[in-house]
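Here are my notes on this one, in numbered points. Have the structure open while you read.

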Amino acid sequence: MNALLLLRIAEVFALLSAFSFGGVNALLPEVHRQVVEINGWMSDATFSDIFAVSNAAPGPNIIMISLIGWQLSGLAGLVVATLAAMTPSCLITFTVTRLLKRHSGSRAIKLFKEGLVPVALGLILASGVAMMRTADTNTLLVAFSLATAAFVAFSARNPLWAFGAVTGLAVVAQHFGMM
Amino acid sequence: MLQAGFTLSPSFMHTEAPLSAAGRVITNRELFLGFLKIGLLGFGGIAPWARHVIVEERKWLTDAEFASMVGLGQVLPGPSTMNASVMIGDRFKGVPGVLMCLSGQLAVPLLVVTGLWLLYGHYALVPEVKAAVMGGAAGAAGLVMGTAIKMARKIQPAPLALLVGAAIFAAIGLLRWPLVPVVLLAVPLSIIAAVLEKRA
């Protein structure tokens with residue numbers, strides 16, 4: 001176990017965390033620059049593989065950073081990278097939330113929170129379209145995305161039904177040479 | 001003691017935690033288990049699953065409260081849903097609640113992702129595996145879009161709010177403008193819209 005390496009991992013990801021507006025996916029180019037170009041920790045191909053695998057796994061996108069830590073220094077690397085990537089942003093959020101709560105009765109804070117609602121809706125929809133653009137490499141996959149969206153939007157059932165169905169259908173489509 | 005008023009006006013006293021949207025007290029155990037499920041389901045990111053479990057299934061928050069937290073999470077550094085989970089933990093159980101929400105959402109995914117990474121070398125070239133991963137990614141994209149549409153249906157934004165949401169979607173999703181300047185510009189405009197429509 002290399003203490004200096006762990007320290008450097010902590011430094012890189014803690015700094016990124018404090019400035020990670022827009023979450024992990026928005027930060028992807030900068031993570032790539034740090035991990036592949038500046039520190040030379042892994043090849044381009046390994047970085048792409050880590051991105052694909054962490055997107056195939058369930059959970060917050062931050063697990064990509066955890067996997068980079070794992071690849072660099074095993075369990076210790078995973079723990080250090082994960083905590084470094086989470087702690088600054090969570091502490092900032094916690095502090096801001098507490099400050100806002102202290103003034104939660106004021107009209108200004110209520111209007112601020114009201115104003116954030118449409119911002120969140122627009123951004124979530126936009127990130128769905130961005131994901132479609134990356135994921136849907138053929139017409140069938142576009143149809144899968146739209147069908148899943150309709151199911152989730154207009155049914156109260158667990159979205160896992162739609163998610164499981166399109167995953168299964170993709171395997172069937174592959175079998176008949178339609179992918 | 002159940003006091004229904006606390007759901008509407010979050011308490012000024014830190015000793016009494018607010019109740020859930022369904023008027024219940026939320027325990028640390030429930031926070032951990034709820035977020036364990038969110039992490040376990042969270043294919044393609046956890047935002048749609050967080051809404052499903054928190055709003056639809058367990059009724060901890062209303063759609064509008066959840067959207068407001070994700071919106072605030074968006075303008076702060078860090079993943080927006082993880083930021084929202086910090087707010088949710090703090091709202092119901094303070095610092096221990098925050099730790100429950102964070103550890104709950106990461107516990108299973110960290111095990112799964114390292115397991116997948118170890119297996120990946122062996123199975124990446126099997127066509128069925130590749131097809132399943134592609135199908136899953138297409139489903140995840142649909143999931144995220146469907147969640148936004150459903151939230152909009154439930155919240156029924158006022159006309160100007162709808163306009164602001166549509167403009168942000170067009171700027172980021174269609175024109176692919178950079179996120180940070182768009183959000184920095186959109187938040188004040190959205191607040192002005194809220195003032196004009198007297199939403200508070």
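1. A definition before anything else: a nonpolar core here is a set of buried Ala, Val, Leu, Ile, Met, Phe, Trp, Tyr and Cys residues joined through C-beta atoms within 7 Å. Buried means that 20 or more other C-beta atoms lie within 10 Å of the residue's own, exposed means 12 or fewer, and partly exposed is in between, with C-beta atoms placed from the backbone. On those terms, the largest nonpolar core holds 112 residues. A:A81, A:A120, A:L121, B:A141, B:V144 and B:I168 have the most contacts inside it.

2. Some housekeeping. This is a predicted model, in which local features need pLDDT of at least 70 and side-chain atom pairs count only at pLDDT 80 or more, while totals for chains, interfaces and linings use all residues. Residues are numbered from 1 along each chain as its sequence is written, and chains are lettered from A and ligands numbered from 1 in the order in which they are written.

3. Chain A has seven helices and zero strands, where helices (H or I, at least four residues) and strands (E, at least two) are DSSP runs, numbered from the N terminus. Its C-alpha atoms fill a box of roughly 50 × 50 × 25 Å along the principal axes. The radius of gyration is 20 Å, whereas a compact globule of 179 residues would come out near 16 Å (taken over C-alpha atoms; the rule is 2.2 Å times the number of residues to the power 0.38). Of those 179 residues, 45% count as buried.

4. Chain B has eight helices and, again, zero strands. The C-alpha trace spans about 55 × 45 × 25 Å along its principal axes, and 53% of the 200 residues of chain B count as buried. Two residues are in contact if their C-beta atoms, placed from the backbone, lie within 7 Å. Of the chain B contacts with a separation of 6 or more, 55% join residues 24 or more positions apart; for chain A that share is 50%.

5. How many residues does each chain put into the contact? Chain A gives 86 and chain B gives 90. On the chain A side, α1 (3–18), α2 (23–38), α3 (44–56), α4 (63–102), α5 (107–135), α6 (139–154) and α7 (160–175) each supply at least two residues. The largest share, 25 residues, comes from α5(A). By class, the chain A side has 57 nonpolar, 22 polar and seven charged residues (Ala, Val, Leu, Ile, Met, Phe, Trp, Tyr, Cys and Pro count as nonpolar, Asp, Glu, Lys and Arg as charged, and the others, Gly among them, as polar).

6. Back to A:A120, one of the core residues with the most contacts. Leaving out residues up to four places away in sequence, A:A120 touches B:A67, B:V70, B:G71 and B:Q74.

7. Have a look at α1(A). A:I9, A:V12, A:F13, A:L16 and A:S17 are buried there. Down the helix axis they fall within an arc of 130°, so they line one face of α1(A) (the arc is that of the directions from the axis to the C-beta atoms). The face turned away from that buried side carries exposed A:A3, A:L4, A:L7 and A:E11.

8. Finally, α2(B): its buried residues are B:L31, B:F32, B:G34, B:F35, B:I38, B:G39 and B:L41. What do they pack against? Their partners are α7 of chain A together with α3 (47–57) and α5 (80–123) of chain B.
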